[in-house]
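Please read the numbered points with the sequence and model at hand.

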Amino acid sequence: MERVYLPQSDVFQVTAGASAVRHARDRIVAVAVAWGVPLAPEALGDLRVCASEVVTNALEHAGGECRVTVRWTGRRLLVEVADRSRRAPVMLAPGDELPSGRGLLMVQALAGGWEWERTENGKVVRFAFAAGAFATGAFAAGATVAGCDVALVAHSR
């Protein structure tokens, strides 16, 4: 008998603070586990890294607060981080000599894709993991997130 997954969602606010990123990534992983999202332990680790990177970017570059939406479609786990900045996220090249700023490269490598869009009040950055994802490259760039009509592709400035 095949397991039937019902769509789920969780939305929460994050405000900059000493443990804000840790709490956000822990909540994202916890809801995925509680919903029974079929992700291997390696993929849950990758989800943790991607969540940390995107939430950190929002808190550091967009006013110290963001809204996180986690959605499970039954086929994909979608994470969206909305903030008040309308500035495009920047994905640095691997050879850049800066001490930081490669988080979106990690999201690209681990989730297999990401996208962003401007909204009325700022922007949203999103990435997804496919059901049954085992590890790196779990979500192919250019694929459509089921039920969300979102094609995730890497963007740079």
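**Note on the fold and its salt bridges**

1. The protein contains 3 helices and 7 strands; helices (H or I, at least four residues) and strands (E, at least two) are DSSP runs, numbered from the N terminus. In sequence order, the elements follow the pattern β-α-α-β-β-α-β-β-β-β.

2. This is a predicted model, in which local features need pLDDT of at least 70 and side-chain atom pairs count only at pLDDT 80 or more, while totals for chains, interfaces and linings use all residues. Residues are numbered from 1 along each chain as its sequence is written, and side-chain values use heavy atoms, with hydrogens and water left out.

3. Of the 157 residues, 46% count as buried. Here buried means under 20% relative accessible area, exposed means over 50%, and partly exposed lies in between (1.4 Å probe, protein chains only). The accessible surface of the protein is about 8000 Å², and carbon and sulfur atoms account for 52% of that surface; such areas come from the Shrake-Rupley method with a 1.4 Å probe, and for residues only the protein chains shown count as cover.

4. Contacts (heavy atoms within 4.5 Å) also deserve attention. Among those between residues at least 6 apart in sequence, 66% join residues at least 24 apart.

5. How many salt bridges does the count come to? The count is 8, a salt bridge being a side-chain nitrogen of Lys or Arg within 4 Å of a carboxyl oxygen of Asp or Glu. One of them joins the side chains of Arg-48 and Asp-26, at 2.5 Å from N to O. Arg-48 belongs to helix 2 (residues 41-61) and Asp-26 to helix 1 (residues 20-34), so this pair ties together parts that are 22 residues apart in sequence. Arg-48 is partly exposed, at 32% relative accessible area, and Asp-26 is likewise partly exposed, at 30%.

6. Lys-123 and Asp-83 form a salt bridge whose closest N and O atoms are 3.0 Å apart. This pair links distant parts of the chain, with Lys-123 in strand 5 (residues 122-130) and Asp-83 in strand 3 (residues 76-83), 40 residues apart. Are these two residues buried or exposed? Both Lys-123 and Asp-83 are buried.

7. In the salt bridge between Glu-115 and Arg-126, the closest N and O atoms are 2.4 Å apart. Glu-115 lies in strand 4 (residues 115-119) and Arg-126 in strand 5, 11 residues apart. Glu-115 is buried at 12% relative accessibility, and Arg-126 is buried at 5% relative accessible area. Both residues belong to a network of salt bridges that links Arg-71, Glu-80, Glu-115, Glu-117 and Arg-126.
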